[in-house]
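My entries are set down in the order in which I made them.

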Amino acid sequence: TYRERRGGFLAWARAHAPDLATAEDVLQDAFMKALTNASALSIVEDLAGWIFAAMRNRLADLWRGKAARRRAGATELPEETLAEIAAAAGFDPHDELVRGELVRAIEMAIDGLPEPQREVLLAQTVEGLTFRELAERTGTSIDTLMARKRYAVKKLAVALIEWYDFE
């Protein structure tokens with residue numbers, strides 16, 4: 001399974017990890033866990049699904065502590081932003097059962113956004129800048145900035161839907 005699916009596993013890990021080194025470590029950890037528990041895995045029908053779950057759980061472990069997230073450059077998102085992204089993905093942002101996991105999934109998804117989209121999203125949600133202020137600061141048109149934010153929210157919604165389907 002490793003040789004056959006390594007590319008897909010690594011692509012998934014790269015999309016969800018803050019950098020390539022972390023993605024490779026997460027993949028290696030998942031396969032080491034599988035090898036360590038080989039006898040117990042004989043009853044697992046979908047080994048690839050188990051590997052993906054092990055990678056997801058390892059990434060979640062890495063993001064659990066606030067200090068670790070701050071060191072990695074993560075930011076705390078305002079309630080309105082969480083609600084907007086969750087609503088775009090079809091979730092109830094006030095559902096306490098999924099809230100913690102939802103925040104972690106959003107933070108990882110933000111890290112995976114293209115830089116221009118991430119910059120607009122964070123400038124508005126964290127710094128509180130308006131499109132006009134951001135346009136003046138960057139020299140980018142308001143229409144372009146609005147489109148970048150719209151694309152960012154859509155990509156985050158897709159990432160959350162994939163995260164939910166994977167759960």
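**Entry 1: basis.** I note that this is a predicted model, in which local features need pLDDT of at least 70 and side-chain atom pairs count only at pLDDT 80 or more, while totals for chains, interfaces and linings use all residues. Residues are numbered from 1 along each chain as its sequence is written, and side-chain values use heavy atoms, with hydrogens and water left out.

**Entry 2: whole chain.** I looked up the elements and found 9 helices and 0 strands; helices (H or I, at least four residues) and strands (E, at least two) are DSSP runs, numbered from the N terminus. Of the 167 residues, 38% count as buried; buried means under 20% relative accessible area, exposed over 50%, and partly exposed in between (1.4 Å probe, protein chains only). I recorded an accessible surface of about 9800 Å², with 52% of it belonging to carbon and sulfur atoms; the areas come from the Shrake-Rupley method with a 1.4 Å probe, and for residues only the protein chains shown count as cover. Contact means heavy atoms within 4.5 Å. Among contacts between residues at least 6 apart in sequence, 62% join residues at least 24 apart.

**Entry 3: Arg118.** I located Arg118 in helix α7, residues 115–125. Is Arg118 buried or exposed? Arg118 counts as buried because its relative accessibility is 18%. Leaving aside residues up to four places away in sequence, Arg118 touches Ile110, Asp111 and Leu113. I then checked the rest of α7, which is mostly covered, with 8 of its 11 residues buried; among them are Gln117, Leu121 and Leu122.

**Entry 4: α7 against α8.** I read an angle of about 125° between α7 and helix α8 (residues 131–138), with the axes 10 Å apart. The contact is made by Val120, Ala123 and Gln124 of α7 and by Phe131, Leu134 and Arg137 of α8. Val120, Ala123 and Gln124 are also among the buried residues of α7.

**Entry 5: His16.** I found His16 in helix α1, residues 2–16. What does His16 touch, not counting residues up to four places away in sequence? His16 touches Leu59 and Met108. His16 and Ile110 are 94 residues apart in sequence and 9.2 Å apart in space, C-alpha to C-alpha. I had already listed Ile110 as touched by Arg118.

Notes. Axes are lines fitted to C-alpha atoms, for helices over the stretch in contact, and angles run from 0 to 180 degrees between N-to-C directions.
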